[in-house]
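I opened my notebook to work through one structure.

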Amino acid sequence: MNYDEKCQLLIIGDSSVGKTSILTRFTEDKFTTNYINTIGIDFFSKDEIFNNKKIRIKIWDTAGEERYRALTQGFFKSANGIIITYAVNDVDTFENLKYWIQSIHTNLGENDLVKIIIIGNKIDLDREVNFDDAKKYAEDNGYKYFETSAKSGKGINESIKFLVQEIIDSQDKTNNINKNNKDNKHDDDTISLDENKHSNNEKKCCS
Ligand SMILES: Nc1nc2c(ncn2[C@@H]2O[C@H](COP(=O)(O)OP(=O)(O)O)[C@@H](O)[C@H]2O)c(=O)[nH]1
Ligand SMILES: [Mg+2]
């Protein structure tokens, strides 16, 4: 199947917060309560239209366990966007967001081309983390905050599509700037060529 552009995302966060479930809901619109431990790294894929282009959204799913973290670090560098996830019914996973944010800084430095969102998942369960605190925490770190339930499907499409839209818009903007720069450069070249032409009397050879 053809597509116009590819958008690579990475989902990170503690074990069991629902990363694999979020991706299964997003790509297959399914949910299962069977716990299937992600081994190492795996990917999910879905095609969607953004800005009149067919975008292949490819999302790398990681395992939260310490022993796999070295493996996932290589994937930070090729990602256009990162989803950091915790579960609103488990305050420890919220506390650990700082670890995940730190791991992004360690791997990417101050690369602000990569778009990042935070998702609080499992909103169908009793909360240990309230919405306002989590939103403030995300925004203080410069990230947009979303809440989801992979079980009911609430918020899943909105959050992931927001992230992809942000990436596509920023790529389109960069492409336009590059295109304009190229056009301007071309104009400059034309002027300087013309100038040379006049000064060096090169008209002869070309006419
Ligand atoms: N109630 C509820 N359970 C969820 C939700 N998302 C995931 N789960 C369950 O939480 C467990 C861990 O989910 P999983 O996707 O494997 O987490 P991962 O380790 O982060 O990939 C599984 O038993 C899921 O069925 C949710 O939104 N609501
Ligand atoms: Mg998993």
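**Two loop residues**

I began in the loops: Asn52 sits in the loop between E2 and E3. Helices (H or I, at least four residues) and strands (E, at least two) are DSSP runs, numbered from the N terminus. This is a predicted model, in which local features need pLDDT of at least 70, side-chain atom pairs count only at pLDDT 80 or more, and totals for chains, interfaces and linings use all residues. Residues are numbered from 1 along each chain as its sequence is written, while chains are lettered from A and ligands numbered from 1 in the order in which they are written.

I looked up the backbone of Asn52. Its phi is positive, about 65°, although Asn52 is not a glycine. Is Asn52 buried or exposed? A residue is buried if 20 or more other C-beta atoms lie within 10 Å of its own, exposed if 12 or fewer, and partly exposed in between, with C-beta atoms placed from the backbone. Asn52 has 6 other C-beta atoms within 10 Å, so it is exposed.

I found another case in the loop between H1 and E2, where Asp29 lies. Asp29 is not a glycine, yet it has a positive phi of about 55°. I counted 10 other C-beta atoms within 10 Å, so Asp29 is exposed.

**The whole chain**

Next I stepped back. The protein chain has 7 helices and 6 strands. I wrote down their order from the N terminus: β-α-β-β-α-β-α-α-β-α-β-α-α. Of the 207 residues in the protein chain, 29% are buried.

**The sheet**

I then traced the strands. They form an open sheet of 6 strands in the order E2-E3-E1-E4-E5-E6, with mixed pairing. The edge strands are E2 (41-50) and E6 (144-147), and each pairs on one side only. Neighbouring strands of this sheet are turned by 25° against each other on average, direction ignored. The axes here are lines fitted to C-alpha atoms, for helices over the stretch in contact, and angles run from 0 to 180 degrees between N-to-C directions.

I checked the pairings next. Two strands pair if DSSP finds at least two bridges between them. E1 (residues 5-13) and E3 (residues 53-62) run parallel and are joined by 7 bridges. Glu5 has Ile55 as its bridge partner in E3. E1 also runs parallel to E4 (residues 81-87), with 5 bridges.

**Strand E4**

I stayed with E4. It pairs with E5 (residues 115-121) in the parallel sense, over 7 bridges. Ile84 has Ile118 as its bridge partner in E5.

How many residues of E4 are buried? I found 7 of the 7, so E4 is largely enclosed by the rest of the structure. Gly81, Ile83, Thr85 and Ala87 point one way, Ile82, Ile84 and Tyr86 point the other way, and all are buried.

**Helix H4**

I moved on to H4 (residues 97-108). The expected span of a helix is 1.5 Å times one less than its number of residues. H4 has 12 residues, so it should span 16 Å, and its end C-alpha atoms are 16 Å apart, which agrees.

Which residues of H4 are buried? I listed Leu97, Ile101 and Ile104. They cover an arc of only 55° around the axis, which puts them on the same side of H4. The arc is that of the directions from the helix axis to the C-beta atoms. The face turned away from this buried side carries the exposed residues Lys98, Gln102 and Thr106. Just after H4, Gly109 takes a positive phi of about 65°.

**Around ligand 1**

Last, I looked at the ligand. A residue is near a molecule or strand if its C-beta atom, placed from the backbone, lies within 6 Å of it. Ligand 1 is surrounded by 18 residues, and the closest are Gly18, Lys19, Thr20, Ser21 and Lys151. H1 (residues 19-28) gives the largest share of this shell, 3 residues.

I sorted the shell by class and got 4 nonpolar, 10 polar and 4 charged residues. Ala, Val, Leu, Ile, Met, Phe, Trp, Tyr, Cys and Pro count as nonpolar, Asp, Glu, Lys and Arg as charged, and the others, Gly among them, as polar.

I finished with Thr20, which is found in H1. Thr20 has 21 C-beta neighbours inside 10 Å, so it counts as buried. Thr20 and Asp42 are 22 residues apart in sequence, and their C-alpha atoms are 9.3 Å apart in space.
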